[in-house]
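Dear colleague,

Please find the structure below. My notes on it follow, and I would be grateful if you read them with the structure open.

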Amino acid sequence: MQEALRRFRHWAERRLPALTRYRRPESLPILLHQRRIYIVPTAFGGAFTVLLLIMLTGALNYSNNAALMLTCMLGASASASMLVAFRSLNGLRLTNVRHGHAIAGEPMVLQLVFAGGDHAHASIHAEMDGQIEAFAVTAQGEVVVSMNLPTEHRGWQPLPRIKLWSNWPLGLFHAWSWIHPDQSVLVWPHPETGGPPPAMPAQDGKQQRLHHGEDIAALRAYRAGDPQRHIAWKHSARHESLLVKDFEQPEAQEEWLLDWRQLSQLVPEMRIERLARWLGEAEAVGRPTSLWLPSEDISLGHGRSHYAHCMNALARLP
Amino acid sequence: MIRWPLFRRKSQPPLEQRPFDLLCITIVVVLGVHAPHIPWWLTLPLAATLWLRWRQRHQRMGHAPSYLKLPLVALLVGAVVFHYDTLFGREPGAALVAGLMVLKLLETETARDARVGTAFACFALMSALLFDQSLVATSLVALGLLPAIATLRALEPAHPKSTTLPRDLLPALGLLGASLPLALVAFLFLPRLSSPLWGAPNAAQSRPGLSPDMSPGNFGEVLLDDRPAMRVTFEGTPPPNEQRYFRAYVLGNYDGRTWRSLPRAGTTAAEEHGPVIHYTVSLEATGQRVLPALDIPVEATANAQLGPDRELRADNPVNDPVTYRLGSAPGYHLQTQLSDRDRSNALQLPAGFDPRARALGARWRTQYGSNDAAIIQAAMGLFHDGGFSYTLAPAPLGTNAVDDFLFGTHEGFCEHYASSFTVLMRAAGIPARVVTGYQGGYWNTMGNYLLVRQADAHAWSEVWLPQRGWVRLDPTAAVRPTRISQGSAAANAATADWSPNHWWLGWRNRWDIVNQWWNQGVIGFNSLRQHGLLTPFGVRDPSVGMLGLVLAIGGSLLAMLGLWWALWKRPDRDQARAAMQLLEKRLAAAGVARRRSEGPQHYLSRAARALPNQRAELEQLMRTYLELRYAHDEPPTDLLKNFRQATRDFRPRRVFK
């Protein structure tokens with residue numbers, strides 16, 4: 001049974017690419033319309049039909065016109081719900097796909113932006129790799145659906161096909177459409193779990209010292225000898241003692257000059273993993289880094305965007 | 001892994017409160033529509049269970065203990081078997097369905113359970129119509145469908161939330177309303193079964209109304225029953241009130257207490273009669289076979305037989321309202337020749353009963369000789385002047401019922417008078433019998449029909465006179481003439497504390513028109529009327545296939561209407577863009593489709609190159625569009641008008657190379 005089902009599915013996907021998930025990727029925005037929305041009755045719909053037939057037979061047999069009329073009404077409502085199910089998907093647009101960052105093996109947050117047509121779309125489900133999110137879009141409205149995309153390897157990963165479906169309004173019919181956005185996301189390499197720190201020629205274990213910085217770090221009590229212009233008069237007015245603006249900051253960390261060529265003893269993938277770990281460690285303590293790769297040379301920098309830049313470069317390596 | 005919707009099995013989240021509430025309402029309606037035919041001691045515990053379960057889930061999302069379920073089902077089955085002695089049949093089935101419906105609620109925890117429960121509730125609602133398909137019952141059942149549909153709707157995730165429960169019912173009403181045209185087409189043209197597939201439900205349920213026998217006093221209940229018995233529409237002028245006698249049962253067999261029918265013998269002899277009145281009767285369900293007909297029917301309808309005593313009997317009991325057309329002749333001569341057997345039957349009196357009445361009859365015979373008319377006159381005079389009174393609550397009668405009434409209590413209603421008069425006639429040697437049926441009725445001027453209520457039930461006598469045949473005589477008229485001339489309500493006014501309120505009466509009559517329409521138009525819609533629908537289109541006797549074809553055509557037309565609704569797009573508010581889209585559509589048909597990345601300028605110049613002989617037009621259109629879009633904050637109206645006109649007029653001419 002299972003085997004026959006699987007083979008039927010394969011056959012269907014080969015022969016009816018439009019019906020099943022094998023649609024070619026297409027560029028955004030993707031509009032759902034009548035040529036790509038399919039409808040089948042659900043299991044409940046089938047059972048309900050059988051029940052309706054039983055009621056119909058009973059009403060006809062006893063020539064009970066009142067029951068016949070209401071059975072017809074129920075049947076007509078069920079048929080009308082098919083159109084409602086179709087209309088729920090029809091006109092829905094996927095306008096944008098936003099994504100966050102993720103290292104290989106961790107799920108990446110995808111934000112699918114759906115826009116409504118000229119009527120409301122109720123009870124839509126987006127299904128991706130068994131993950132289902134239900135949402136509704138108002139007429140001309142916009143909704144952002146967050147989904148987690150599982151990742152495995154670093155590098156470019158195409159977006160999977162997403163199934164949009166709805167059993168609205170009565171759960172009797174299942175309307176669905178496959179969308180396959182022509183878009184890829186960049187997955188960062190997974191850092192190695194442990195290893196040596198980078199060997200820095202300039203590293204001599206100097207004591208960290210404080211130096212005068214530009215920014216105000218804190219307020220502290222006045223000590224004899226503090227310059228008068230550092231006194232925070234406004235704040236002092238609310239306290240019993242004088243307060244002084246403290247401009248002292250810990251000195252910035254020693255920069256790390258990371259270089260692909262230094263790790264020549266490792267296989268390329270290991271090198272990437274190690275560099276990723278170092279970048280991560282440097283990012284955690286705010287240490288400036290530079291990165292030299294065969295593909296590009298990234299000069300010194302720190303902060304989130306610098307980190308992302310470096311990781312993207314690592315991820316793109318062949 | 002590929003997941004297919006049909007074969008998915010997974011644990012479902014618990015049911016939300018709103019669908020549960022809606023399901024509870026559905027089940028309340030199910031209990032309500034079944035309550036009239038389920039014993040109250042079963043309905044009340046079921047309602048209590050429903051309420052407890054609702055509270056339990058409402059307050060602490062509790063589950064019903066599983067050890068309760070099986071014993072409760074056993075208890076329900078036991079109670080049904082105890083009351084009805086069986087599980088099968090209409091009434092036990094209904095009790096079981098309603099009970100199981102409530103018990104299903106005990107284990108309703110997921111959306112799947114709620115769906116099963118709702119589908120089952122729809123079935124339970126429909127089954128209530130097997131008992132009563134009046135307008136009120138049908139409307140109640142239709143109302144019950146609303147929470148059922150709303151339940152299914154509320155089960156879908158991310159549905160538009162509404163704040164109050166009644167608002168949840170509105171979309172369901174909309175859906176039912178939208179499906180009404182298709183439902184009507186299906187109802188009208190669905191081929192009916194020529195004969196039932198299995199036995200019709202036994203109408204053992206006794207309906208109050210005329211019974212096939214009569215003993216003085218058993219009409220009492222019926223005469224206070226205000227429900228409609230039948231409605232009569234006359235073709236032409238209706239007969240006057242004095243002639244509105246609808247005969248149902250002809251009773252010739254008396255055993256001292258009860259009048260019963262004689263076994264039917266002989267055939268209907270053709271009789272000479274005066275002009276015939278044609279009319280249509282819509283009879284409410286009686287559970288009996290007899291069809292009341294205006295005195296006297298001249299021919300039988302389809303599926304019915306007319307006896308020699310002009311008693312019209314249907315082949316099957318009237319378990320659902322029926323409509324039939326008849327012709328009757330008020331000026332009739334019935335059985336001018338009486339056979340010896342019929343004569344002895346019509347003179348038979350049980351031995352040992354009512355000695356004084358028999359003596360009185362015999363005395364009249366000796367007193368008046370062979371003058372039957374004088375004897376009848378004497379009997380009528382006795383009722384008129386003998387201190388008799390008309391009351392619906394007479395004193396009880398003993399073994400010699402007629403003697404007690406004639407010489408003792410002196411009070412009674414039509415049954416007493418008809419019975420004793422007939423006994424007196426037989427004692428005097430005049431063939432006589434009792435006829436029961438309806439007399440009078442209320443003329444509904446708005447609906448132009450005669451409404452006959454159960455309270456219009458009446459009994460009278462027929463005596464046989466030589467050369468004249470059977471003659472109707474109504475001794476009640478001698479006692480209370482208003483009963484005949486003004487109807488039962490006037491006659492009963494003294495006993496029943498009911499004063500006619502005209503305002504109330506007006507509404508009741510309007511309501512009765514609606515019921516009449518329902519009975520004739522919906523319940524009485526049978527295959528004969530169905531065939532009549534197609535007669536104007538030249539189809540005389542449509543086959544099942546023909547009906548199916550009409551049904552398919554009607555269904556397809558409505559489906560197209562529905563598709564039009566589903567595919568309809570609101571026209572673009574931006575008129576310039578709408579005009580541009582029209583242009584794009586026409587150009588695409590000519591082979592120049594706009595690419596997704598293409599701006600209007602690029603696209604239209606490409607189109608101008610592709611259609612060289614319309615180059616100037618296209619370039620002009622492009623310039624106008626660009627000006628409309630980019631040259632002004634608010635596009636000038638005449639420019640917009642020009643552009644729309646130009647796009648509408650533009651027809652790309654294909655270039656054949």
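How many salt bridges does the rule find across the interface of chain A and chain B? In this predicted model, the count is 0. Polar contacts are found, however: 8 residue pairs make them across the interface, with both residues at pLDDT 80 or more.

The side of chain A that touches chain B draws at least two residues from each of helix H1 (2–15), helix H2 (43–61), helix H3 (65–89), strand S5 (121–128), strand S6 (131–137) and strand S9 (162–166) of chain A. Helix H3 of chain A gives the most, with 18 residues. By type, this side of chain A holds 35 nonpolar, 19 polar and 7 charged residues. In terms of contacts, 61 residues of chain A meet 61 residues of chain B.

The size of an interface is often given as the accessible area lost when the parts come together. For chain A and chain B, the buried area is about 5400 Å², and carbon and sulfur atoms give 72% of it.

Chain A itself has 6 helices and 18 strands. Of its 318 residues, 50% are buried. Among the contacts in chain A with a separation of 6 or more, 64% are between residues 24 or more positions apart.

Most residues other than glycine have a negative phi, and most peptide bonds are trans. In chain A, the peptide bond from A:Leu28 to A:Pro29 is cis, with omega near -5°; A:Pro29 is in the loop between H1 and strand S1 (30–31). A cis peptide bond also joins A:Trp168 and A:Pro169, with omega about 0°, and A:Pro169 is in the loop between S9 and strand S10 (173–179) of chain A.

Positive phi values occur as well. A:Ser63, in the loop between H2 and H3 of chain A, has a phi near 35°. B:Arg310, in the loop between strand S7 (304–306) and strand S8 (312–314) of chain B, has a phi of about 60°.

Is each of these two residues buried or partly exposed? A:Ser63 is partly exposed because its relative accessible area is 49%, whereas B:Arg310 counts as buried because its value is 4%, which is under the 20% limit.

Finally, B:Val402 is in helix H12 (residues 401–409) of chain B and is buried, with a relative accessible area of 3%. Beyond its neighbours within four places in sequence, B:Val402 is in contact with residues including B:Tyr254, B:Asp354 and B:Val423.

Yours sincerely

Notes. Residues numbered from 1 in each chain as written. Chains lettered and ligands numbered in written order. Predicted model: local features only at pLDDT ≥ 70, side-chain atom pairs only at ≥ 80, totals over all residues. Heavy atoms only, no water. Helix = DSSP H or I, 4+ residues; strand = E, 2+ residues; numbered from the N terminus. Buried < 20%, exposed > 50% of the residue type's maximum accessible area, 1.4 Å probe, protein only. Contact = heavy atoms within 4.5 Å. Buried area = accessible area lost by both parts, 1.4 Å probe. Salt bridge = Lys/Arg side-chain N within 4 Å of Asp/Glu carboxyl O. Polar contact = N/O pair within 3.5 Å; in protein donor to acceptor, adjacent residues only side chain to side chain. Nonpolar A, V, L, I, M, F, W, Y, C, P; charged D, E, K, R; others polar.
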